[in-house]
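Subject: Structure for you to look at

Dear colleague,

I am passing on the structure we spoke about, with the sequence alongside. Please open it first, and then read the notes that follow.

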Amino acid sequence: MLQLSPVHTLNTFFRLGINCVVQAINKVHVFGEKFISEVALVATTKWKLILFIFTTMYVFFKLLQKTCEEIKTAEEAILITKLFQMIKNTHKPGVATDVISLIEKHKIDVNRKHPKSECGLTLFLCACLSGDSCLILYMLNKGADINSNTSCKDSPLHLASFCCGTQKVTNGLGVITSLCEAGCNINSRNWVGNTPLTIAASSGNCNLVRHLISLGADKNLCSNDGIYPMDFAINNGHLDAANLLAIAVPNPHVWDIVEPHTPPRVKLGLQSPCKQHLMNSSFRKSCMDFTRKGKNTALSIISC
């Protein structure tokens, strides 16, 4: 019996392996040529059908994507509207906590505007109008825009001052302080030139007036019509607030040009000059007379 050496056996297996690889490559080549020819045949004879199928699939997925986006937008709009309604009722127990939970759960931007309102009210501005200190502090920490305004240019401080002046809220003065510390301009003006102090003067809330003045509110700033916070307090009958806001009328002789028959007591700086536009307003028309009593200045109201 013939026996092969190990080297001869190894060479034999090596040649056999090479032959197998060559045959496999040939088969793949033949299959590839056949596959390419079939694809070319389909592409040349049925390209319109293929194009139609792919176009239909593309349009279908685009419509599906658009529908999903519209549904998502509608759901977000409903959620935002719900949040606005809830924020308006934060005086009720537990509502503020529920608002915070929804914002966290759905990752809502606290600067989102009302989807159907033209006043420009955002969730943060609505919170300032509600006067809830916990909710406002939460939104400030979440990146609330302290420079945001409504369409009437009312700032967060305008809205918070209105709330604190007209409603019974817990820690209202603390809300004012927090907004000022966050960077809100305490002397900001809205579209008619009113400041937060003007709003406080109209409400007659003496604690709020004192607090705003202590934070730097300027009682010498008048509105676009030249009405001072003192005038707003007087014409709303809030005499105590008017005492806190009393100022010397700057250059009273200017009224000789506006009103040639300015009374002498106005020219002497003893009384706030009457303003014609106040006579036609909804405010009660009153004048202010200062009389000295010792070191204190007493404020009395005289009907014109």
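At 41% relative accessibility, Lys 142 counts as partly exposed, and I begin with this residue because its side chain meets that of Glu 104 in a salt bridge, at 3.3 Å from N to O. Lys 142 sits in the loop between α5 (133–141) and α6 (156–166), while Glu 104 belongs to helix α3, so the pair ties together parts of the chain that are 38 residues apart in sequence. Glu 104 is likewise partly exposed, with a relative accessible area of 39%. Please keep in mind throughout that this is a predicted model.

A search of the whole structure finds two salt bridges, and the other joins Arg 112 to Glu 76, with the closest N and O atoms 4.0 Å apart. Here Arg 112 comes from the loop between α3 (95–106) and α4 (123–130) and Glu 76 from helix α2 (residues 47–87), so that this pair ties together parts 36 residues apart in sequence. Arg 112 counts as partly exposed at 29% relative accessibility, and Glu 76 is also partly exposed, at 30%.

Turning to the chain as a whole, the secondary structure comes to 14 helices and two strands, and of the 304 residues 35% count as buried. Among contacts with a separation of 6 or more, 59% are between residues 24 or more positions apart. The accessible surface comes to about 19,100 Å², and carbon and sulfur atoms account for 61% of that area.

Which residues have the most contacts inside the largest nonpolar core? They are Leu 83, Phe 124, Met 139 and Leu 179, in a core that has 54 residues. Leaving aside residues up to four places away in sequence, Met 139 touches Ile 87, Ile 103, Val 110, Leu 123, Phe 124, Ala 127 and Ala 144, and Phe 124 in that list is itself one of the residues with the most contacts inside the core.

Helix α8 (residues 196–203) is mostly covered, with seven of its eight residues buried. The buried residues are Pro 196, Leu 197, Thr 198, Ile 199, Ala 200, Ala 201 and Ser 203, and what covers them includes α6, α9 (206–214), α10 (229–235) and α11 (239–245). Gly 204 follows α8 and has a positive phi, near 75°.

Phe 60 has its place in helix α2, and at 51% relative accessibility it counts as exposed.

Two backbone positions may also be worth a look as you go through the loops. Most residues other than glycine have a negative phi, yet Lys 107 has a positive phi, near 55°. Lys 107 lies in the loop between α3 and α4 and is exposed, with a relative accessible area of 72%. Asn 171 also has a positive phi, near 60°; this residue lies in the loop between α6 and α7 (172–182) and is partly exposed, with a relative accessible area of 45%.

Finally, which residues does Asn 149 touch, once those up to four places away in sequence are not counted? They are Gly 120, Leu 125, Asp 154 and Ser 155. Asn 149 lies in the loop between α5 and α6 and is partly exposed, with a relative accessible area of 33%. Asn 149 and Asn 190 are 41 residues apart in sequence, and their C-alpha atoms are 8.6 Å apart in space.

With best wishes

Definitions and conventions: Residues are numbered from 1 along each chain as its sequence is written. This is a predicted model: local features need pLDDT of at least 70, side-chain atom pairs count only at pLDDT 80 or more; totals for chains, interfaces and linings use all residues. Side-chain values use heavy atoms; hydrogens and water are left out. A nonpolar core is a set of buried Ala, Val, Leu, Ile, Met, Phe, Trp, Tyr and Cys residues joined through side-chain atoms within 4.5 Å. Buried means under 20% relative accessible area, exposed over 50%, partly exposed in between (1.4 Å probe, protein chains only). Contact means heavy atoms within 4.5 Å. Helices (H or I, at least four residues) and strands (E, at least two) are DSSP runs, numbered from the N terminus. Accessible areas come from the Shrake-Rupley method with a 1.4 Å probe; for residues, only the protein chains shown count as cover.
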